[in-house]
Amino acid sequence: MTSTLLRGRTLSFLRWPETVDDHSAWRYEDDGGLLLRDGRIVAADAYADVEKKADEGVKKIDHRPHLLLPGFIDAHAHFPQMQVIASYGAELLDWLNTYTFPEETKFQNAQHGRRIARLFLDEMVHHGTTTVAAYCSVHKESAEAFFAESHDRNMLNIAGKVMMDRNAPEGVLDTAQSAYDDSKTLIKEWHGKGRQHYAITPRFAITSSPEQLEMAGALCREYPDLHMQTHLSENHAEIAFTLQLYPQARDYTDVYERYGLLGRKSLFGHCIHLSEREADALSDTGSVAVFCPTSNLFLGSGLFDYQRYRRREKPLRIATATDIGGGTNYSMLRTMDEGYKVIALNGEKLNPFQSFWQLTRGNAEALSIVEKIGTLDQGSDADIVVLDARATPAMRLRMETADTLAEELFLLQTLGDDRAVREVYVAGRAMKTDMAV
Ligand code: GUN
Ligand code: FE
């Protein structure tokens, strides 16, 4: 049985760091070791101690002076939108109608889906993201393509075919019944196969009839362990149209509430313009608000009030995400940099330890998979990113004046992107070296 011993500066979080001096919130080893076997981390400690536990034939890889962190987690992205990124000049509803829905019709073609799924997951890994909660297109084939590529890479990913039966072109519509049937077929085929997780995925209230949201709720009741993902309160025109389509609802959140779609495994993309009642309803049910800063800025949707949501009497569980292709960058470092600026525009700050907590353990907690990923703890899956804070001349120069780990992390977030990602391990396998992503 082959095992691998990684050496480097290891950083993993135990809980939310209140300040940059809250040292007990994380574990940092200046000369750390990680012993990987069968896709898991079997020992994590000071290198000298871990080395003693390694067997004779262990493969040693020295990543010093780089940082080893848990692989990044992207809690919301649309894999069929790789060729939608950089579509000019529209807010959400026009952007969907003009660019996104026509693009997603191409995923009727299974070969196209397979090609884009492959390129998407390569891009994710290349940027240090080892887990993504992905929306596929309406076509069952697109989800099959995504899961097949994900399974081939042995990645832990969460995905689902979108359910959408109205207010979109014919080529991206299903029906309430076919969405239920296709989702069920996909769940049976893919959920729990290797590291694959299925998410019930009604796109959003505008593109689902009441009958279809009923079906989505039925699936959630039948499969209570599954994730549910959708969009909520992203844009004012979207909110107004939703309330017109669902006149009985108290507010946008109530639309989903009525169909039983709130809960601890429910991921709501955006949540920018929530009322206090809506935020309370999300909090009471343990639902997750997913912050997508590059998308919210690009589409002019608004400023997610991260610190207010976190600090309110009934706090929200929060995840962060790229929202490709409303989002503009595959990198979670770029995403947190833009997130920092959105939070700053709300008069608040997110310190670098909080930011890297969010990218790793925080997103794993929000996705309820922290027992598997998001830390470098012993027993955790060996999904690891290797970061180089001197990856470019400008970073190298700035690092000359960075004295602390907090400064180094902030520099990585502010100047870093895929160039700072030296290596990525997925279930113990070196992806940049072995798969050349
Ligand atoms: N709301 C419904 N569908 C989408 C989508 O594809 N992207 C974004 N940003 N919002 C949506
Ligand atoms: Fe989205």
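A salt bridge is counted here when a side-chain nitrogen of Lys or Arg lies within 4 Å of a carboxyl oxygen of Asp or Glu, and by that rule the count comes to 40 salt bridges. This is a predicted model, in which local features need pLDDT of at least 70 and side-chain atom pairs count only at pLDDT 80 or more, while totals for chains, interfaces and linings use all residues. Residues are numbered from 1 along each chain as its sequence is written, chains are lettered from A and ligands numbered from 1 in the order in which they are written, and side-chain values use heavy atoms, with hydrogens and water left out.

**The two domains**

- The domain assignment of the protein chain gives domain 1 as 3–70 + 375–434 and domain 2 as 72–367, the bounds coming from an automatic or database domain assignment.
- The C-alpha centres of domain 1 and domain 2 are 29 Å apart.
- Contact, meaning heavy atoms within 4.5 Å, links 37 residues of domain 1 with 31 residues of domain 2.
- Between them, domain 1 and domain 2 bury about 3000 Å², with 67% of it on carbon and sulfur atoms; buried area is the accessible area (1.4 Å probe) that two parts lose on being put together, summed over both.
- On the side of domain 1, Phe13, Trp16 and Gln413 lose the most area to domain 2, and together they make up 25% of what that side buries.

**Pairings across the domain boundary**

- Two salt bridges are counted between domain 1 and domain 2.
- Asp381 and Arg195 form a salt bridge through their side chains, at 2.9 Å from N to O.
- Twelve residue pairs, both at pLDDT 80 or more, are in polar contact between domain 1 and domain 2; a polar contact is a pair of N or O atoms within 3.5 Å, where within protein one must be able to donate a hydrogen and the other to accept it, and residues adjacent in sequence count only if both atoms are side-chain atoms.
- The elements that give two or more residues to the side of domain 1 that touches domain 2 are β4 (59–70), β14 (384–387), α15 (405–415), β15 (421–426) and α16 (431–434), where helices (H or I, at least four residues) and strands (E, at least two) are DSSP runs numbered from the N terminus.
- With eight residues, α15 gives the most to that side of domain 1.

**Thr360**

- Thr360 belongs to helix α13, which covers residues 352–366.
- Thr360 is buried, at a relative accessible area of 0%; buried means under 20% relative accessible area, exposed over 50%, and partly exposed in between (1.4 Å probe, protein chains only).
- A polar atom of the Thr360 side chain lies 2.7 Å from the backbone oxygen of Phe356.
- Once its neighbours within four places in sequence are left aside, Thr360 is in contact with Phe13, Pro70, Gly71, Phe72, Ile73 and Gly374.

**Other salt bridges**

- Side chains of opposite charge can pair when their charged atoms come close.
- The side chains of Glu257 and Arg250 form a salt bridge at 3.8 Å, N to O, with Glu257 partly exposed at 27% relative accessibility and Arg250 exposed at 55%.
- Asp22 and Arg15 join their side chains in a salt bridge at 2.8 Å, N to O, with Asp22 buried at 14% relative accessibility and Arg15 partly exposed at 34%.
- Lys341 forms a salt bridge with Asp337, their closest N and O atoms being 3.4 Å apart, and both residues lie in helix α12 (residues 332–345), four residues apart, about one turn of the helix.
- Lys341 is partly exposed, with a relative accessible area of 39%, whereas Asp337 counts as buried at 4%.
- Salt bridges that share partners join Arg250, Asp251, Asp254, Glu257, Arg258 and Arg277 into one network.

**Asp30**

- Asp30 is found in strand β2 (residues 26–37) and is exposed, with a relative accessible area of 55%.
- The side chains of Asp30 and Tyr28 are joined by a polar contact of 2.8 Å.
- Apart from its neighbours within four places in sequence, Asp30 is in contact with Gly8 and Arg9.
- Asp30 and Ile239 are 209 residues apart in sequence, and their C-alpha atoms are 49 Å apart in space.
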